[in-house]
Amino acid sequence: MLNNITDCEEEEGGPNSTGDVNPRESSPFIYSSAAGDVEKKNLQYDGKNMALFEEEMDTSPMVSSLLSSLANYSNLPTGSKEHEEAENNEEGARPSKKPVTAPQLGTLMGVYLPCIQNIFGVILFLRMTWMVGIGGVLGSFVIVFMCCSTTMLTAISMSAIATNGVVPAGGSYYMISRSLGPEFGGAVGICFYLGTTFAGAMYILGCIEILLIYIVPQAAVFKIEGLEGAEAEAALLNNMRVYGTIVLSLMALVVFVGVKYVNKLALVFLACVILSIVAVYAGIIKTAIDPPVFPVCLLGNRTLVSKGYDVCAKVIEIDNETVTTKLWRSFCDSESLNATCDEYFNNNNVTEIQGIPGVTSGILAENLFGNYLEKGVILEKRGIVSDVDPDSPVTSSNRYVLADITSFFTLLVGIYFPSVTGIMAGSNRSGDLRDAQKSIPIGTIAAITTTSAVYMSCVVLFGACIEGVVLRDKFGEGVSGNLVIGTLAWPSPWVIVFGSFFSTCGAGLQSLTGAPRLLQAIARDGIIPFLRVFGHGKANGEPTWALLLTASICEIGIIIASLDAVAPILSMFFLMCYMFVNLACALQTLLRTPNWRPRFKFYHWALSFLGMSLCLSLMFICSWYYAIVAMCIATCIYKYIEFCGAEKEWGDGIRGISLSAARFALMRLEEGPPHTKNWRPQLLVLVSVDAEQNVEQPRLLSLTNQLKAGKGLTIVGTTVQGTFLDNYAEAQRADQSLRKLMETEKVKGFSQVVTSNLRDGTSHLIQVGGLGGLKHNTVMVSWPRNWKQPEYHQHFRNFIEVVRETTVASLALLVPKNISSYPSNGERFTEGHIDVWWIVHDGGMLMLLPFLLRQHKVWRKCKIRIFTVAQMDDNSIQMKKDLITFLYHLRISAEVEVVEMLEGDISAYTYEKTLIMEQRSQILKQMHLTKNEKEREIQSITDSSRGSIRRKNPPTLCVQHCAEEGTSMAEKTEAESVAISNSKQVQLVHSKNASTPTSPTSPPSSATWTDSKGKNLLAVSPESGKDLFNMKPEWEHLNQSDLRRMHTAVRLNEVIMKKSKEAKLVLLNMPGPPKNRVGNENYMEFLEVLTEGLNRVLLVRGGGREVITIYS
């Protein structure tokens, strides 16, 4: 037998489950175990008609082999699968064991009658007549119509969802969770569970009320006789608590021992309900022919308690003698005719009226409108005038029938609504139905139609048959303690009393049976971690722990003890559940997801929205504070699942909303670029991965997190070298590596991997990263390490191309240098400075970035210092004032300093640095020549260089080897490596101060190039600086543009080192790249000199637009 969708109550033990992983919905098409069997058969398939597909047989089974399994789908009932698996595990497979088969229930037995049983209940028998009396026929009809319309609209939405595919056991929870996602599903599932649990408490309280008031009042533990007011009310509530706890324990025991007994008794309880309703209609028909005698005694217009009198008269004639009655003795101080009596008793006559005058009596007109009462007010009959002194206090109030609670319209709605719940009974049994997609809509809608007709007719007929004071008499105190609806029934009131008693018992048992299974289904879905313990049960799947929790919560309702107080609580939870059923249907309809193909066609999104609006309105009409509490509970559960629960992908409608909202937002963003006030760096972070597809610069993402603080767009991209077909697996591993690192560094964004060569891949990421208006406006790339070594030449050339491409595309560029020294997210700077060197205007990027960094806890304690450079003609004092004013308007706190750079001669250090750079560039050209050409070119460079040096200082030159470029900035010398295939040594002049590299007067060094096999291709000798100024003939041939650039780099580096050597971070304008590619190596050298000696440097290039403004 094939299970094509995992039962939501059986996921824990299923093959695709669960816990914290993301299970696929078990599908018969490719992934299920049955499909696997089909695949094995297909492997043996050797026909020739399908040879075109034979290579795919191992992953795609033949349709002809699969159809039989699909057609024979059936869903196991709750618990049977676990029971079968438990027996297999404990005892081993028994060949003689009969296979478990699901009951094949039809529409009548599987949906219609269970819904009828669940909808008709305690409210109909105990509160319906009282509601008609208090709210009037019109008001009560409005309440019934609103509630029934709500459930009908919900049933239409539920039918659409239930017929959109197979709904396993789990019913409403399954439908909501798979339609709205695990967060909404879990929240509403818990609310539905709490509603069902409190419904059990309400049924038990109704059962006890019938038992203690109408069947055996003498069984009360706390005696009510002789008590008045609050004392009598407290005694009644305490009796409800004691007996309610006892009945709850017995019911829980019955459910624990075996659900099969509850299911067998369900038909008996249903028969009681139907018999009781038939008896009521029979009694109504009889009142038209022969109204029953149910006298009600009135004093004036006040209703008297029936146990306070034996005869409805003040005095009676016995043997021509006037004798006082029990009623006289209740209001007077003695039996004598001249006794002192209550003033109201003296001024008003006693009259007797018929409690049930009958349908033809015309009493309907009197009961048409409501009569809302305050607590403790005496029930009075309309139309009778009484003589009462408004200033005199009411005495002997215990002789009258009093209102036990303050009543108002919204209270009636809250009390009545539970009587229309129960519409989910059919969908909850979906696992037991022969054809759920046909039975659920027909059975549920037919049941709601039937019950709505009964309720509406009862409202009218009760108002037409029963006297108003009797209707408002909640506990039948004026009609000899009879159940009011029972006084109407034929042939006897006891039919209603016992029928309602057994029906409430059955409804309570059904609630205690269904609620634990619902909780077990939620627990086994694994979406709420702390509930997982309640997913376990007995070997046959019975939810033992869930039953224990359900009984405990139900006891809370028992302790409340008042049926009128418990009813609005469960109304909230059921209304919330129904609201989300309507929301699920409306969303699926509006989003038009491809999988939304319900067989039930009589639905519309407008009906679903109307149902949702009615549910929300009724929640606040019933009780605004209960509604807020219920919403807070659902919100807390939603947030808990969102942050702590297991993530599941169920193809829910919320994902569809997200997609639609994202599309709408992207279309809006396309309308134009963001305003300067809304501009924030949307980063494309370019990283590189090693051979194992691990990120080589993880601190780039740390800096990204510190810069973004989780806001805006972040795309982390990398390139896997090779072709897509050959390196797909490596690309997937690289993507997983990026995602894992982003999660570790708490970077919220997206990863993107391109398979190509390094240059094209990087260019593609810059060009096509993002979507529509949600594109990056800033690129972050790390400074290419070891760029002077031959094996890294491709990296620095790619870096310069990135600079060019961002310039053309008007994108900002951030280049962190020495990225490994940047702080991680866990580090904290307790002091220090972020220094900004504002040399050229870049749209305000240099001002915005330190402000954003200081929002992160790593940099929060650092202070901002802003330096700007003044030339000879600039007024440095005025510049400082203007800069302070500008920062004030920008609302940025920073120290300001203007650094004056006077015109000075170009130092010898600058000349030598430029000379080495140009000679090195010439040598690098030889990498593209033939071997002979290389040797000739290098020899000519070497001879010309050696000739000038030997003229003055031939013996001072020596050959030394230095460390590779990969050494740290603190080392004394720097290696400049170039791949030269020639084995000869090339001696060049290189000026560098070993101790203070920024000093323009530092003595120059001698540098030596070696062949490529010698590892250290360039060595420096500090002794060679003695005859520095004798080399001027060589300087005369230097490129003057390069010389000026080098001079600027050296001078700026001097100033920056002087002011910002101890800074935690230096932000600096990044010069633009050379227009032609001949000077690429020179450009890198300029940047090296500019940032030499600084620990952390962030080179910044603006995107050509203003990113910060002084305006609000």
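Visitor: Are Asp835 and Arg865 buried or exposed?

Guide: This is a predicted model, and in it both Asp835 and Arg865 are buried. Their side chains meet in a salt bridge, with 2.7 Å from N to O. The pair links distant parts of the chain, since Asp835 belongs to strand 11 (residues 833–838) and Arg865 to strand 12 (residues 863–870), 30 residues apart.

Visitor: How many salt bridges does the structure hold, and which residues are linked in a network of them?

Guide: There are 15 salt bridges in the structure, and a network of such bridges links Arg127, Glu209, Asp404, Lys474 and Asp564.

Visitor: Where in the chain do Lys381 and Glu467 lie, and what does the pair tie together?

Guide: The side chains of Lys381 and Glu467 meet in a salt bridge of 2.7 Å, N to O. Lys381 lies in the loop between strand 5 (350–354) and helix 12 (409–416), while Glu467 lies in the loop between helix 14 (436–465) and helix 15 (468–471), so the pair ties together parts that are 86 residues apart in sequence. Both Lys381 and Glu467 are buried.

Visitor: Where do Glu801 and Arg804 lie, and how many residues apart are they?

Guide: Both are in helix 26 (residues 793–808), and they stand 3 residues apart, about one turn of the helix. The side chains of Glu801 and Arg804 meet in a salt bridge at 2.8 Å, N to O, and Glu801 and Arg804 are buried.

Visitor: Let me turn to helices. At which residue does a kink lie in helix 4?

Guide: In helix 4 (residues 107–119) a kink of about 25° lies at Leu113, shortly before the proline Pro114. Leu113 and Pro114 are both buried, and the buried residues of this helix also include Gly110, Val111, Tyr112 and Cys115. The buried residues of helix 4 pack against helix 9 (259–289), helix 13 (425–428), helix 14 and helix 17 (493–525).

Visitor: Where does Gly106 lie, and which residues is Gly106 in contact with, leaving aside its neighbours within four places in sequence?

Guide: Gly106 is found in the loop between helix 3 (80–91) and helix 4. With those neighbours within four places in sequence left aside, Gly106 is in contact with Val111, Leu433, Arg434 and Ser439. In sequence Gly106 and Ile440 are 334 residues apart, whereas in space they are 9.6 Å apart, C-alpha to C-alpha.

Visitor: How should I read a nonpolar core, and which residues touch the most other members of the largest one?

Guide: The general idea is that, in soluble globular proteins, nonpolar side chains tend to be buried together. Here the largest nonpolar core has 163 residues, and those that touch the most other members are Met128, Val144, Met202, Tyr416, Tyr455, Phe462 and Phe580. Helix 7 gives the most to this core, with 25 residues. Leaving aside its neighbours within four places in sequence, Met128 is in contact with Ile123, Val144, Tyr416, Tyr455, Val459 and Phe462.

Visitor: Which residues form a nonpolar patch on the surface?

Guide: Val221, Phe222, Val242, Ile246 and Leu250 form that patch, and together they have about 410 Å² of accessible area. Phe222 sits in the loop between helix 7 (171–215) and helix 8 (229–257), and Phe222 is partly exposed, with a relative accessible area of 35%.

Key: Residues numbered from 1 in each chain as written. Predicted model: local features only at pLDDT ≥ 70, side-chain atom pairs only at ≥ 80, totals over all residues. Heavy atoms only, no water. Salt bridge = Lys/Arg side-chain N within 4 Å of Asp/Glu carboxyl O. Helix = DSSP H or I, 4+ residues; strand = E, 2+ residues; numbered from the N terminus. Buried < 20%, exposed > 50% of the residue type's maximum accessible area, 1.4 Å probe, protein only. Bend = angle between axes of the 7 residues up to and from the residue. Contact = heavy atoms within 4.5 Å. Patch = residues over 30% accessible without salt bridge, like charges linked within 9 Å, V, L, I, M, F, W, Y side chains within 5 Å. Areas by Shrake-Rupley, 256 points an atom, 1.4 Å probe, with all protein chains shown as cover. Core = buried A, V, L, I, M, F, W, Y, C linked by side-chain atoms within 4.5 Å.
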